Amino acid sequence: MTVEFWFLIGAALVFWMQAGFAMVETGFTRAKNAGNIIMKNLMDFCIGTVVFSLLGYTLMMGEDALFGLIGKPNLDLFKHFGEFIASPSEGFTDASYFVFNLVFCATTATIVSGAMAERTKFSAYCVYSAVISLVIYPIEAHWIWGGGWLSGAGFHDYAGSCAIHMVGGIAALIGAAVLGPRIGKYVTDKNGRVTKINAIPGHSIPLGALGVFILWLGWYGFNGAAATSPSELSAIFLTTTIAPSVATCTTLIYTWIKNGKPDVSMCLNASLAGLVAVTAGCDAFDALGAAAVGLVAGVLVTAVVEVLDLRLHIDDPVGAVGVHCANGVWGTIAVGLFANPEAPAGLGGLFYTGDFTQLGRQLLGTVSVAAWAAVTMFLFFRLLKKIDFLRAEPADELAGLDLSEHGLPSAYADFMPAVDKYAEFGTGDQIVAVTGTVPAAEAVPVKREPAFRGDGHKFTKVEIVFKEERLYALKDAMSKLGITGMTVSHVMGYGMQNGHTEFYRGVAVETDLRPKVQVDIVVSAIPVRDVIETAKKVLYTGHIGDGKIFVYDVENVVKVRTGEEGYDALQDVE
């Protein structure tokens with residue numbers, strides 16, 4: 001009873017990982033798609049539950065059929081519920097096994113979401129998520145955990161580096177490749193050759209980081225739920241902590257050396273990569289083996305993310321392929337290299353025993369499962385693309401899937417709309433076609449009002465755009481000059497600074513929108529030159545981007561409260 005209770009608590013922790021995946025994907029993509037991403041991560045679990053109940057569970061855990069290739073389908077969950085929840089003399093109830101395997105199945109489906117984010121039809125996502133939970137995952141999981149042919153061959157995948165992460169990662173890779181990149185990600189010439197790669201930063205690194213911490217916590221259940229003794233559980237917790245920590249430190253150093261600064265998003269990916277890599281052998285590695293697995297994972301995730309983007313031009317917004325596919329493969333094979341006979345699994349890896357046997361078994365399983373996932377997912381995604389069911393329309397993609405798919409103007413309704421919702425990259429030939437019939441002169445009218453004949457005083461507006469941190473220094477300086485009123489706005493400044501290049505996930509960010517402050521001051525009695533010189537003195541630091549000052553003529557000033565106009569209206573604010 002006590003062991004089964006921990007088994008179900010572990011399953012609950014794995015379910016909680018859905019929140020982690022949702023936060024990582026949301027944070028690493030743009031705000032205009034946040035609601036769509038939340039919806040996908042909700043529905044892949046709910047749809048997965050329905051189809052796994054109907055067929056997927058018995059394909060995975062049913063009685064062996066077809067020489068260990070599938071489980072025999074049945075409806076015991078619905079027809080013999082009393083027996084399904086009855087406690088057996090050994091092991092756990094069928095209900096416990098069902099819930100445990102269900103939450104793992106949902107993880108496989110949700111991995112695909114991130115790589116195909118921001119341009120996939122929601123209806124298409126629901127369909128391929130159902131197919132993964134109904135057939136793709138249950139069949140290969142039967143081979144490994146349901147008594148199928150790979151389990152009989154001695155293949156070891158304790159918690160799913162192969163069965164879950166590699167399969168989900170392969171589906172993500174094929175899906176992203178078939179789907180194509182987001183509009184504006186790659187600039188091509190007339191021959192279709194990529195000439196420029198644009199970085200598209202996610203809108204919230206804090207959300208992404210929250211997701212990683214949620215996933216790391218859930219991973220203790222992911223890896224440890226099946227442990228049956230304190231010794232086994234403690235060993236699993238140990239390796240599950242060491243591998244991601246080493247992976248993250250490795251990526252920290254690598255990106256720091258390569259880019260001149262440590263990359264936050266890649267370090268978050270590295271934590272997940274280390275967790276994925278250690279999952280297959282969390283019960284078979286010792287501390288040194290877990291560290292070695294994490295070290296390779298930290299390098300591998302960065303290399304794969306950059307090769308995928310910079311060389312292969314496959315757009316994976318969250319790094320799902322580098323995290324799950326590459327490190328799912330690596331972690332599975334690593335069991336054959338680093339398994340310590342003294343660890344709870346009792347397996348002998350090549351580096352500890354000199355025996356190639358376990359390595360051969362791991363390679364056999366990896367290749368077999370990879371082939372199954374690759375062939376089935378390629379055919380399925382090609383079918384969806386063939387019937388024009390996979391990709392969202394360009395106009396919908398540019399506006400954001402929150403609006404087009406779910407009727408949400410913004411997932412952050414009480415906040416200012418995100419600037420990147422309206423600031424797209426140049427889209428070349430893919431630009432949205434004109435659909436209206438109103439002439440340009442009427443759609444965007446330009447009007448000049450007749451000159452106002454005032455009281456003879458001259459009014460001037462001084463508009464100052466500068467770095468946020470200098471606001472209070474400027475306010476104090478203007479106050480000393482006699483300015484007692486100003487309008488302050490938060491704006492985004494757009495521009496390119498020569499010789500100033502930052503990197504996001506290995507891609508140069510050459511132009512950027514940066515937060516600025518805009519101050520508007522209208523003066524009459526105080527000399528405009530005094531205002532300008534004071535502002536220059538306060539804002540100047542000798543660096544590009546200190547600010548700009550614009551000077552405009554103002555025809556009139558009206559005080560709403562009293563109705564005063566001209567010079568009189570301005571007196572109590574100077």
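**Figure 1. Burial and overall make-up of the predicted model.** Buried residues make up 49% of the 574 residues in the protein. Buried means under 20% relative accessible area, exposed means over 50%, and partly exposed lies in between (1.4 Å probe, protein chains only). The protein exposes about 26,600 Å². Carbon and sulfur atoms supply 64% of that area. Accessible areas come from the Shrake-Rupley method with a 1.4 Å probe, and for residues only the protein chains shown count as cover. There are 21 helices and 10 strands. Helices (H or I, at least four residues) and strands (E, at least two) are DSSP runs, numbered from the N terminus. Among the contacts in the protein with a separation of 6 or more, 76% join residues 24 or more positions apart. Contact means heavy atoms within 4.5 Å. This is a predicted model, in which local features need pLDDT of at least 70 and side-chain atom pairs count only at pLDDT 80 or more, while totals for chains, interfaces and linings use all residues. Residues are numbered from 1 along each chain as its sequence is written, and side-chain values use heavy atoms, with hydrogens and water left out.

**Figure 2. Helix α6 against helix α8.** Helix α6 spans residues 122-145 and helix α8 spans residues 161-179. Their axes are 9 Å apart, and the packing angle is about 150 degrees. Axes are lines fitted to C-alpha atoms, for helices over the stretch in contact, and angles run from 0 to 180 degrees between N-to-C directions. α6 and α8 are therefore roughly antiparallel to each other. Angles under 35 degrees count as roughly parallel, over 145 as roughly antiparallel, 65 to 115 as roughly perpendicular and the rest as oblique. The crossing of α6 and α8 is right-handed. A crossing is right-handed if the near helix is turned clockwise from the far one by less than a right angle, and left-handed if anticlockwise. From α6 come Ile136, Tyr137, Glu140, Ile144 and Trp145; they meet Cys162, Ala163, Ile164 and Val167 in α8. The residues of this α6 contact with α8 are eight nonpolar, no polar and one charged. Ala, Val, Leu, Ile, Met, Phe, Trp, Tyr, Cys and Pro count as nonpolar, Asp, Glu, Lys and Arg as charged, and the others, Gly among them, as polar.

**Figure 3. Helix α6 against helix α15.** Helix α15 covers residues 357-386. It packs with α6 at about 165 degrees, with the axes 11 Å apart. The two helices, α6 and α15, are therefore roughly antiparallel to each other. Their crossing, α6 with α15, is right-handed. On the α6 side, the contact is made by Val127, Tyr128, Val131, Ile132, Val135, Ile136, Ile139, Glu140, Trp143 and Ile144. On the α15 side, the residues are Ser368, Val369, Trp372, Thr376, Met377, Phe380, Phe381 and Leu384. By class, the contact of α6 with α15 has 15 nonpolar, two polar and one charged residues.

**Figure 4. Helix α11 against helix α13.** Helix α11 (residues 264-279) and α13 pack at about 35 degrees. Their axes are 8 Å apart. The crossing of α11 and α13 is right-handed. Asn269, Leu272, Ala273, Val276 and Ala277 of α11 make the contact with Val323, His324, Asn327, Gly328, Trp330 and Gly331 of α13. The contact of α11 with α13 has six nonpolar, five polar and no charged residues.

**Figure 5. Two loop residues with positive phi.** Most residues other than glycine have a negative phi. Phenylalanine 67 has a positive phi, near 60 degrees. This phenylalanine 67 lies in the loop between β1 (64-65) and β2 (70-71). Its relative accessibility is 83%, so phenylalanine 67 counts as exposed. Histidine 313 also has a positive phi, of about 60 degrees. The loop holding histidine 313 runs between α12 (287-311) and α13 (320-338). At 26% relative accessibility, histidine 313 counts as partly exposed.

Figure 6. Glycine 180 lies between α8 and β3 (186-188). Its relative accessible area is 14%, so glycine 180 is buried. Glycine 180 touches Arg119 and Arg391, not counting residues up to four places away in sequence. Aspartate 315 is 135 residues from glycine 180 in sequence, yet 7.1 Å away in space, C-alpha to C-alpha.
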